[in-house]
Amino acid sequence: MTVARILAVKGTEVVTTQPHRTLKEVAELLATRDIGAIVVADIQGSVLGILSERDIVRAIGHRGAEALGDAVSTHMTSKVVTTTDDESIHATMEKMNLGRFRHLPVMRNGKLGGILSIGDVVKYRLAEMEHEHSAMREYIASA
Ligand code: AMP
């Protein structure tokens, strides 16, 4: 199963922000959209970074509530690991596991084309395992 297959069901919308926005603005956006990370992009759609709820908690842990006024660019991760439509779900799980993060932007022709979260990946992996198990049960019953 590939990334494209998940996006075909999930959709390609990605919530983005700009580097000059504040952590407070992003925290509000994460809360209203019920998501855990936001991609930082320029107006052309090029990815500049990613900021997750963990970055916001870390900033507040270090600097207190004052950090909510800081610019996104101060706390985002600039070296973003991404995936593409043709990558396998297994490979995306490995990337998330190795990098210890739960979000993976999907790039299409150098531009943002979607995002996968650990929740999306686990959901499809469970469906795939259920499918494999029922195929195995049918095989055993008919053998
Ligand atoms: P998360 O587990 O996604 O909440 O992110 C944990 C940490 O990894 C945070 O510092 C994020 O900025 C960073 N991060 C999240 N996703 C990625 C990614 N795809 N590439 C690089 N860093 C990431």
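**Helix packing and the ligand site in a predicted chain**

Read along the sequence, the chain runs α-β-α-β-β-α-α-β-α-β-β-α, which amounts to six helices and six strands, where helices (H or I, at least four residues) and strands (E, at least two) are DSSP runs numbered from the N terminus. Before I go on, please keep in mind that this is a predicted model, in which local features need pLDDT of at least 70 and side-chain atom pairs count only at pLDDT 80 or more, while totals for chains, interfaces and linings use all residues. Residues are numbered from 1 along each chain as its sequence is written, and side-chain values use heavy atoms, with hydrogens and water left out. Along its principal axes, the C-alpha trace spans about 65 × 35 × 25 Å.

Let me turn to the helix pairs. Two packed helices are described by the angle between their axes and the distance between the axes. Helix 2 (residues 23–33) and helix 3 (residues 53–63) have axes that come within 11 Å and cross at roughly 140 degrees, the axes being lines fitted to C-alpha atoms over the stretch in contact, with angles from 0 to 180 degrees between N-to-C directions. That makes helix 2 oblique to helix 3, given that angles under 35 degrees count as roughly parallel, over 145 as roughly antiparallel, 65 to 115 as roughly perpendicular and the rest as oblique. On the helix 2 side the contact (heavy atoms within 4.5 Å) is made by Leu23, Val26, Ala27 and Leu30, and on the helix 3 side by Glu53, Ile56 and Ala59. By class, this contact has six nonpolar, no polar and one charged residues.

For helix 5 (residues 89–99) and helix 6 (residues 118–142), the axes come within 11 Å and cross at roughly 140 degrees, and these two helices are therefore oblique to each other. Here Ile89, Thr92, Met93 and Met96 of helix 5 meet Ile118, Val121 and Arg125 of helix 6.

Finally, which residues are closest to the ligand? Of the 13 residues that surround the ligand, the closest are Ser52, Asp55, Thr77, Arg102 and His103, a residue being near if one of its heavy atoms lies within 4 Å. As for polar contacts (pairs of N or O atoms within 3.5 Å), a polar side-chain atom of threonine 77 lies 2.7 Å from an oxygen atom of the ligand. An N or O atom in the side chain of arginine 102 is 2.7 Å from an oxygen atom of the ligand, and a polar backbone atom of valine 81 is 2.9 Å from a ligand nitrogen atom.

Conventions
Polar contact = N/O pair within 3.5 Å; in protein donor to acceptor, adjacent residues only side chain to side chain. Nonpolar A, V, L, I, M, F, W, Y, C, P; charged D, E, K, R; others polar.
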